[in-house]
Amino acid sequence: MQLCLTAQLPEESGGLNGGAVYICTEDAFPSKRLQQLITVFNKRQGPVMANKLAVGDHIFVEHVSEMDQLWYCIDQRLPLLIAKGLVKLIVIDSLAALFRSEFDSGEMFSRAKQLQRFGGRLHALSLKHNIAVVCVNQVTANMRPSSAPGTSNMIPALGLTWSNFVNTRLMLKRTNYQLAPSRGKENNTETVNEQYMVAVRSMEIVFAPHLPNRLTYYVVDADGVKGLR
């Protein structure tokens, strides 16, 4: 969700200067959490920029629970928003949820064909309109783990068919470490209850044509995603 806010910043500020579409396929969209992030985002930008951007008005949320609904959204609703110049980012959370639920183990060929069609459609939209597409995938256990040191025993879901459509892969993990939440002026106490500790997470660039393989750490608290140094 934070990407949907950052994308609306001007390009010189690290944004895409456009709105975002958030396609939710699993649980109900966390609208209260989005409003919380918008409040923090607007405070950081200041009242002038916040009023100019009006980020809450340029996030278009669609909840789909079946493949037919997803295709209708991609083929019918998205082109209308794109044609009006309202969208520069598409987020699908998550892609694996629908494909795992719609196809059983005996329908791998049909699933692969749908994935190819879907990946091709997203690539076409991205290239034609210069739009960033972020697809959240799930992971599954690697039944044939590698003996190479440092190799993860988890692999992305949806297999090789989907991997061929991915330009950049980021792996997000939750580590075993925790930190005390950042304290502002309104919270100047020295003691922190353990229940309010935040988990340290990692983000690894698995592959990207323009970036080296690197690992960084971050936390997610009430204010959103914060990188660690």
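Predicted model: local features only at pLDDT ≥ 70, side-chain atom pairs only at ≥ 80, totals over all residues.
Entry 1, strands. I looked up what joins β3 to strand β4 (residues 132–136) and found 5 bridges, with the two strands running parallel. Two strands are taken as paired if DSSP finds at least two bridges between them. Strands here are DSSP runs of E with at least two residues, helices are runs of H or I with at least four residues, and both are numbered from the N terminus. Within this pairing I found Ile 92 opposite Cys 135 in β4. I then turned to strand β1 (residues 19–24), which 6 bridges join to β3, again in a parallel run. Here Cys 24 stands opposite Asp 93 in β3.

Residues are numbered from 1 along each chain as its sequence is written, and side-chain values use heavy atoms, leaving out hydrogens and water.

Is β3 enclosed or open? I found 5 of the 7 residues of β3 (residues 87–93) buried, so this strand is largely enclosed by the rest of the structure. Buried means under 20% relative accessible area, exposed means over 50%, and partly exposed lies in between (1.4 Å probe, protein chains only).

I searched the whole structure and recorded 5 salt bridges. The term requires a side-chain nitrogen of Lys or Arg within 4 Å of a carboxyl oxygen of Asp or Glu. Asp 75 forms one with Arg 117, where the closest N and O atoms are 4.0 Å apart. This pair links distant parts of the chain, since Asp 75 is in helix α4 (residues 67–83) and Arg 117 in helix α6 (residues 108–129), 42 residues apart. Asp 75 also forms a salt bridge with Arg 121, with 3.0 Å between the closest N and O atoms. That pair again links α4 and α6, at 46 residues apart. I therefore noted Asp 75, Arg 117 and Arg 121 as a network of salt bridges, by the definition above. I checked accessibility too: Asp 75 is partly exposed at 27%, Arg 117 at 47% and Arg 121 at 26%. Elsewhere, Lys 226 forms a salt bridge with Asp 223, the closest N and O atoms being 3.4 Å apart. Asp 223 is partly exposed, at 30% relative accessibility.

I read 22 residues for α6 and a reach of 31 Å from first C-alpha to last, close to the 32 Å expected at 1.5 Å a residue. The expected span is 1.5 Å times one less than the number of residues. Which residues of α6 are buried? I listed Arg 111, Ala 112, Leu 115, Phe 118, Gly 119, Leu 122 and Leu 125. They cover an arc of only 155° around the axis, which puts them on the same side of α6. The arc is taken from the directions from the helix axis to the C-beta atoms. On the other side of α6 I found Phe 109, Leu 127 and Lys 128 exposed.
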